[in-house]
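Student: I would like to go through the terms used for this model. Please set each value against its definition.

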Amino acid sequence: MAESELRSEESEEEELPTLASLLQPALLPPPGGLGHRLSSSPEPGRAAGVVVQEQEKEKKRALAKILKAQRPGECQKYITVVLDTVLLQVEGGGWIHSALQAANYSCVVENQAVPCSITWRRKTVSSQIEEGDEWTEEPNVLVLLRLEEFLAMVHHYKQEAEGCTEGQKETLQSYVAHVMEKMPGKILALAVVGVENYFRIQSKERLQLAAASGNQEEKQGKRRKKTVKDSGLEITRLDVENALVDLQLCKQVQVSFFKNWEELGEFATMFTKAVAEAPFKREREKTGFSFYLEKGWCGGVKVDHSGKGLLEVWKRQIQQFNRVSLEMAEAVVSAYPSPQLLTQAYSRCSSEQERENMLANIPVRRGDGVTATSRRVGPELSRRIYLQMTSHDPDLYLDFTG
């Protein structure tokens, strides 16, 4: 027993550290040794991973920049309007230039292949940081036809339709073909100012001629009118419509008419905005199914017991009309927040025409800030809403009544 206790005490004494060992300084690795080398040199795999992460972040930033440049409100900053030199020399060309500048669009004046034309360029947003700017031509082109040129082309088409082919005279079809040769691959649109004013003056001249002729000169007046008609100088609305239908069927080109140059300036501004927003709208329409609807629309509207949600239901009912945007529906609903209020407003009108045009002058605003535009609901939609709200005919076609 005593021997075992003695051995245990000796083992404990051996395990205790001596005073010299406690006072001895700890051994440190020498400078430049193994520990220093390991801490100063990173692992190759980790460095490669950091590079890949930076590249992915750079790609995401570049993609976000490209998408931002396509959004409404931003895309206008990357569009430049190119005006032909002859356009500014034409009466009213300054209205177009001023309207575009008032909307904060960048404009340049250059000689173009087709006189009195407007084209557009888009600044390319690159994923790489470069000093130079790259521009791409947009496919659209808007060409102004002066009134006398347009009437002459309609007159020549009328002569060809009647079999009078005296030489090669320019018609709307031949003019469009000539433009497409100079600008291949372009989507052409034509604009004419003053056609309605021409018909108004023509109507006044007929009335004045009839009043001056009198009953005694009735035969002479008929003979004079027949002479003017045979000469082909008089252009009627039917002549214009026939020429336009022929142009649309053969060349798929439409002609827009404007009362004055101010209207054309507003149209050029809206056209420019549509060109700028075209890539964004194309991307938005790329869905898996052609009949895809947004979640907020196909999910319906929840209406509680207090009536909350009925305003949204009323707005969506207006949106079900053909060619009615969200902005147009919101404008109508803002003026008449319920169907009952709209019906009461109809009952206060004194005539059928007043009821049909009651909503025509309601302003419709699109966008915010400097890119905001304003238009009206218009008589066509006003008439359709009126018929929908008041008609008792279940087979009534709203788009073909008038």
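Tutor: Start with accessibility: buried means under 20% relative accessible area, exposed means over 50%, and partly exposed lies in between (1.4 Å probe, protein chains only). The model is predicted, so local features need pLDDT of at least 70, side-chain atom pairs count only at pLDDT 80 or more, and totals for chains, interfaces and linings use all residues. Residues are numbered from 1 along each chain as its sequence is written, and side-chain values use heavy atoms, without hydrogens and water.

Student: Why is Arg323 called exposed?

Tutor: Its relative accessible area is 58%. The cut-off for exposed is over 50%, so Arg323 counts as exposed. Arg323 sits in the loop between α14 and α15 (326–335). Helices here are DSSP runs of H or I with at least four residues, strands are runs of E with at least two, and both are numbered from the N terminus.

Student: Which class does Val313 fall in, and why?

Tutor: Val313 has 37% relative accessibility, so it counts as partly exposed. It lies in helix α14 (residues 310–319).

Student: What makes Val303, Leu310 and Val313 a patch?

Tutor: A patch takes residues with over 30% relative accessible area and no salt bridge; nonpolar side chains (Val, Leu, Ile, Met, Phe, Trp, Tyr) are joined within 5 Å, like charges within 9 Å. A salt bridge is a side-chain nitrogen of Lys or Arg within 4 Å of a carboxyl oxygen of Asp or Glu. Val303, Leu310 and Val313 form a nonpolar surface patch, with about 230 Å² of accessible area together. Areas come from the Shrake-Rupley method with a 1.4 Å probe; for residues, only the protein chains shown count as cover.

Student: How do you know that β4 and β5 pair?

Tutor: Pairing needs at least two DSSP bridges between two strands. Six bridges join β4 (residues 135–145) to β5 (residues 187–193), so they pair; they run parallel.

Student: Why are β2 and β6 called edge strands?

Tutor: The open sheet has six strands, in the order β2-β1-β3-β4-β5-β6, with mixed pairing. β2 (106–110) and β6 (255–258) each pair on one side only.
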